[in-house]
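Here's a quick briefing to read with the structure open. Take a look at the model, then come back for the walk-through.

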Amino acid sequence: MSDAATYVGEPFDDKLVDRKLVLWYFLAAVTFFAVSLLGGLLMALQLVRWNPLQGIELLSPGRWRMIHTNAIAYGWLANAFLGSLHWAIPRLTLRPVANKALSWFIFGAWQFVVLATAVGILLGEAQGLEWGETPVWIDPLALVGLFLVAVNFMAPIAQARGPLYVTLWYFMAAFVWTFLTYAMGNLLPEYWVSGTSGGAIAGLFIHDLVGLFVTPLGWGLMYYFVPILLKKPIWSHGLSLVGFWGLAFFYPLNGIHHFLYTPIPMFLQYGAVIATVAVELVVTTVVINFFGTIWGSGRAVVTNLPIRWFYTGMVFYFITCLQCAMQVTLTFQALIHFTDWVVGHAHLVMFGVFSFWLIGIMTYLIPRLVGCDWYSRELCEWHYWLSAGGLLVMFVDLGLAGMFQGYFWASLLPWDVSVDGSQPFWIVRLFAGLAIIGGQLCFFYNLYRTLTASRGATAHV
Amino acid sequence: MFESKSGVLLIGGLGFFLLAFVSNALVPIRMYQNMPEQTVQQLVNENLLYQFEDLHKRYPESFEAAYGKPPADEAAQPEWYRAKCADALILGRKSYVAEGCWHCHSQFVRPVSREAERWGEVSKSWEYQNELQRPVMFGTRRVGPDLTREGGRRSNDWHTVHFFRPTMVSEGSPMPEYPWFFDGDPNRPNARGLGLITYVQWLGSWLESYPYYEQFQPMATVNTGDDDEQ
C-alpha cells in the first residue's frame with residue numbers, strides 16, 4: 001500500500017494545528033456516518049418488504065430516510081470538512097485559527113445541532129425542505145454556528161499576505177455561500193414564500209447545498225492535498241482560475257433544474273438547464289487540470305491509497321457531472337425524473353465523490369493525528385474495494401431501475417407494475433448497500449484498533 | 001481581482017450568489033405577487049367538507065375524541081365543521097411532512113410522460129399559492145404515485161385501512177405501516193390519522209374535474225398496437 005498512509009514522524013506543529021480537535025471532528029463524522037448507513041439500510045429493507053421493524057413509530061423508514069440524508073450532509077460531510085479545514089487552513093496560512101476555545105465551542109455546538117436534528121426528525125418535527133429537514137427551531141442556531149465557523153477560519157486567511165492559493169479561494173467563497181444558502185433555503189420557503197416561487201428557492205437550496213457548500217470545500221481540499229501527496233504543483237494555474245470562477249458563476253444558477261416541468265416559469269427552467277450544461281464544461285477543465293497534475297506519476301493510484309481515493313472520486317465526479325448534463329435536458333427529464341435514476345446519481349455524488357475524498361483525507365491524516373500507522377493496511381484496502389465496488393453496482397443498478405420505472409409509468413400500466421418491476425433492482429441495491437456497509441465496518445474496526453494502539457505509542461512522540 | 005480576497009468574497013461569494021437569487025428566486029416571486037397566498041381556512045371547500053363529515057359519520061367516537069361534538073344548533077354546524085376541517089388540514093400536513101410522505105409521493109402532474117392521462121390535468125401555479133404549500137410539497141421522487149389529484153378518488157375507509165397496513169388493500173405495496181395513526185384498530189383513527197386522511201382528501205379537491213379517475217384499460221388493449229403511443 002501507500003507510503004502516504006504511513007506515519008513518517010514529522011514534527012508536531014501543535015501551535016498551528018489542534019490535532020486533538022481534528023481527530024474529534026473525524027470521530028464525530030464517522031459516528032454520524034454509521035447512523036446514516038443504518039438509515040439507508042432500513043429504507044432499502046423497507047422497499048424490498050423485508051423490514052423486520054415494521055410498525056414502530058421511532059423506527060419509521062420515512063423518518064429514517066430523512067436521518068439518512070441529514071446525517072450525511074450535516075453529521076458526516078460537515079464534521080469531516082471542519083476537521084480537514086482545521087488541518088489545512090492553519091498549515092496553508094501558517095497562522096492558527098482565530099481562537100482555540102471558540103473552535104472547541106463550535107465543535108460542541110455543531111454536534112448539538114446534528115443530534116438535535118436527528119432527535120427532532122425522529123420525534124416528527126421535520127421541516128418540509130429536502131436536505132433541510134432540520135426542525136425549524138434549530139435553524140437559527142445552525143446559522144450562528146456557520147457564522148462562527150466563518151469568523152474562526154477567516155481570521156488566519158485575512159492575515160495571510162501575498163497571492164492566495166486556489167484552495168483558499170474555494171474556502172472563502174464556501175464560507176459566504178454556505179451561510180447564505182442555509183439562511184435562504186431554511187427561512188424563505190418556510191416563512192415568506194409559498195408555492196411555486198418557494199419551490200424555486202427550495203430548488204436553489206437543494207442544489208447550492210451540494211454546489212456551494214460541499215463542492216467548493218471538497219475541491220479546495222483536493223487542491224491542497226493532491227500536490228502535497230504527489231509532491232508536485234498543480235498542472236495549470238490558469239485552469240484553476242477557470243474552474244473556480246466558472247463554478248462560482250454557473251453553479252448558483254442551476255437550482256431550478258430539480259423541479260423541471262413544474263409550474264415554475266418555463267424560461268427559468270430553460271435557464272437552469274443551460275447553466276447546468278455550462279457547469280459540466282467547467283468541471284471538465286478542473287478534472288483535466290487534476291489529471292494533468294498526476295500525469296507521469298500514475299502509479300501513485302496503485303501505491304498511494306489516499307491518492308487512489310481522491311482520483312477515484314474525481315472519475316466519479318466526472319461521470320456524475322456528465323450524467324447531470326444529459327439528464328438535465330427536458331427530453332431526458334421526462335423519462336427519469338422521480339425515478340431511482342436520480343437516487344443513483346445522488347449516491348454517486350455524495351458517497352462516490354465527496355465521501356471518497358474525505359475518506360482519503362482521513363486515511364492520510366489519521367496516522368498523523370494519532371502518531372502511529374494504521375492497524376491494518378489490508379483493512380484499508382478492503383475499505384476501498386468494498387466501497388468502490390458496492391457503489392458502482394448500486395449506481396448502475398439504480399440507473400437501470402430508473403429507466404424501467406420511467407417506461408413503466410409512461411406506458412400507463414397500473415402503478416403496481418412499476419413497483420413490482422423495481423423489486424429485482426431494489427434487491428440488488430440492498431446487497432450493493434451491504435457491501436458498502438461492509439467496507440465501512442472494515443474502516444470503523446481499523447480506526448478503533450489504530451486508536452487503541454496509539455494510546456500505547458503516543459508516549460514516544 | 002480574480003485571486004484577491006475581496007474579489008473572491010465580493011464577486012464570487014456575494015455577487016454571483018445574489019445574481020442567482022435575483023434571477024431565479026426574486027423573478028418568480030415578483031411574477032406571482034398578484035396571486036395572494038390563501039389561508040388554510042380559505043382552502044376548506046365543499047368537496048373536502050363532504051369527506052370530513054363522512055369521517056365523522058364513519059368514525060364518530062374517534063372523530064369526537066379528536067374534535068369534540070358539533071354544536072347542537074344546526075345553523076352553527078357548517079361553521080364548526082369548517083373550522084375543525086382547517087385544524088385537521090394543518091395537523092395532517094404536519095404528519096405528511098413528519099413521516100416523509102413527500103419523499104416517496106410527489107405533488108405535481110407534469111405535461112409529459114402521459115401523466116395527465118393517469119392523474120388528471122397538469123398542475124398550475126395557482127394551486128400552490130397557499131399556506132399548506134409553505135414549503136411547497138412538490139417532491140422529487142415517486143415510489144408511490146403522485147398525490148396531487150388523490151382527493152376523492154378513494155373512500156375514507158380505504159385510506160384508514162391503507163395507512164394501517166397498506167398491503168391489506170394494495171398487494172405488494174412497499175409502503176410502511178402507520179399503526180401510530182390509530183388506537184390499535186383501523187376503525188379507530190386518532191387525531192393524527194384523521195388529520196392525515198383529511199389532508200390527502202384535500203389534494204385536488206379544488207379542481208372542477210374532481211375527482212379524477214385514472215383511465216384504466218385492460219392490459220390486453222394497451223398492447224394491441226393501435227394505441228397513439230405506438
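Two residues count as being in contact here if their C-beta atoms, placed from the backbone, lie within 7 Å. Keep in mind that this is a predicted model.

**Domains**
- Chain B is assigned two stretches, domain 1 (1-31) and domain 2 (38-222).
- Going by C-alpha atoms, the centres of domain 1 of chain B and domain 2 of chain B are 40 Å apart.

**B:Glu150**
- You'll find B:Glu150 in the loop that runs between α6 (115-119) and α7 (156-164) of chain B.
- B:Glu150 is buried, because 23 other C-beta atoms sit within 10 Å and the cut-off is 20 or more.
- Leaving out residues up to four places away in sequence, B:Glu150 touches B:Val200, B:Leu203 and B:Gly204.
- From B:Glu150 to B:Glu171 is 21 residues in sequence, and 19 Å in space from C-alpha to C-alpha.

**Helix α3 of chain B**
- This helix covers residues 46-58, so to speak 13 residues, and spans 18 Å from first C-alpha to last, close to the 18 Å expected at 1.5 Å a residue.
- Its buried residues are B:Leu48, B:Gln51, B:Phe52 and B:Leu55.
- On the face turned away from the buried side, α3(B) carries the exposed residues B:Glu46, B:Tyr50 and B:Lys57.

Conventions
Residues are numbered from 1 along each chain as its sequence is written. Chains are lettered from A and ligands numbered from 1 in the order in which they are written. This is a predicted model: local features need pLDDT of at least 70, side-chain atom pairs count only at pLDDT 80 or more; totals for chains, interfaces and linings use all residues. Domain bounds come from an automatic or database domain assignment. Helices (H or I, at least four residues) and strands (E, at least two) are DSSP runs, numbered from the N terminus. A residue is buried if 20 or more other C-beta atoms lie within 10 Å of its own, exposed if 12 or fewer, and partly exposed in between; C-beta atoms are placed from the backbone. The expected span of a helix is 1.5 Å times one less than its number of residues.
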